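Here are my notes from a look through this model, point by point. Keep the structure open while you read.

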Amino acid sequence: MAAVSDRLPAFPWDKLEPYKKTAAAHPDGIVDLSVGTPVDPVPAVVRQALTDAADSPGYPTVWGTPALRDAVTDWLRGRLGASAAGHRNVLPVVGSKELVAWLPTQLGLGAGDQVAHPRLAYPTYEVGARLCGAEPVVYDDPTTDLDPARVKLLWLNSPSNPTGKVIDKAELVRIVAWAREHGILLFSDECYLELGWEAEPVSVLHDDVCGGSYEGIVAVHSLSKRSNLAGYRAAFVAGDAAVLGELLEIRKHGGMMTPAPVQAATVAALGDDQHVAEQRERYAARRTALRGALEAHGFRVEHSEASLYLWVTRDEPCWDTVAHLADLGILVAPGDFYGEAGARFVRVAFTATDERVEAAVKRLG
């Protein structure tokens, strides 16, 4: 068996540890803006639903309860403009990262197949390709940069992690049409879709994008960011019923089941808009404060029109920027974690508490 180091890239966050120690040595403590993990409370309505469903002694179903599938399809129609969505078009998953990492394997991809993802991207797209022996390839524009004869799976990510860039509706229409023309399965990672600031993100499942048909397209959604449920591993995929049917059969064999209390919590989260609006207000205030402080400190912000991150540069190698900010007690993610094209950028998360964000603003001043 090949060693893990031969099959997968090095785990990037290990390289950040020395800088984390430097930042932690600041007299007022570390301000960790490196990872986009929620820090605010789980909404009360969600916690109550989880508690009420805690007495769940039996096995949950892989495909989810009828209540869950109702909640997801209602949300798809009302929030994404996916009017044709039905029960056969949805499938719960055990967190979106699990889905991204194991999707190429579950699709039966392997040597000779290509999995395409954006040039600047969440590292797990590459990991998923390597786990099954497929070849990861990057693109700026998939319709011109890729060999359609070899690409079997095309990842979109809008809003982008790490850049916060949003693909507009016309561009999505063009990419979906190209993928369908060439028989390429398109998965769109839309986990930050409800966090648009200077642009309104659109789903590939929107009627205007896909024409009311989900043939060859699937969207990935998570409640980690919009509902502070990263610890619940609550996520789902939606789209082509034939593709989801195949995944369902595989996932049944693998026992990949979302716990019953988490399914109940997901129903509550999707049915409540108030907590989403309140969380957006928190993030908007933190984003405004950090953006102003970073720009005053000499940073330039690029893209960042959506998501939970600011993509910033001082036009120097990213690790120099990481070191500079660590000396101020602020930890950020180096841009080269997300691809060589990010080598002069850092990603700044605004998921820290109000108190820690205020501390970062003062230090940058």
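This is a predicted model: local features need pLDDT of at least 70, side-chain atom pairs count only at pLDDT 80 or more; totals for chains, interfaces and linings use all residues.

1. Which residues of helix 12 are buried? They are His275, Val276, Gln279, Tyr283, Arg286, Arg287, Leu290, Arg291, Ala293 and Leu294. As a reminder, residues three or four places apart in an α-helix point the same way, because there are 3.6 residues a turn. The partners these buried residues pack against are helix 11 (260-270), helix 14 (354-364), strand 9 (300-302), strand 10 (309-313) and strand 13 (346-349).

2. On to the cysteines: the disulfide count is zero, taking a pair of sulfur atoms within 2.5 Å as the cut-off. For cysteine 132, the nearest cysteine sulfur belongs to cysteine 191 and sits 20 Å away. Cysteine 132 is also buried, at 16% relative accessible area. Cysteine 210 is likewise in no disulfide; its nearest cysteine sulfur is that of cysteine 191, 18 Å away. Cysteine 210 is buried too, with 3% relative accessibility.

3. Have a look at alanine 343 as well, in the loop between strand 12 (333-334) and strand 13. With a relative accessible area of 32%, alanine 343 is partly exposed. Leaving aside residues up to four places away in sequence, alanine 343 touches Glu316, Pro317, Cys318 and Asp336. Glutamate 316 is 27 residues from alanine 343 along the chain, and their C-alpha atoms are 8.5 Å apart.

How values were computed
Residues are numbered from 1 along each chain as its sequence is written. Side-chain values use heavy atoms; hydrogens and water are left out. Buried means under 20% relative accessible area, exposed over 50%, partly exposed in between (1.4 Å probe, protein chains only). Helices (H or I, at least four residues) and strands (E, at least two) are DSSP runs, numbered from the N terminus. Contact means heavy atoms within 4.5 Å.
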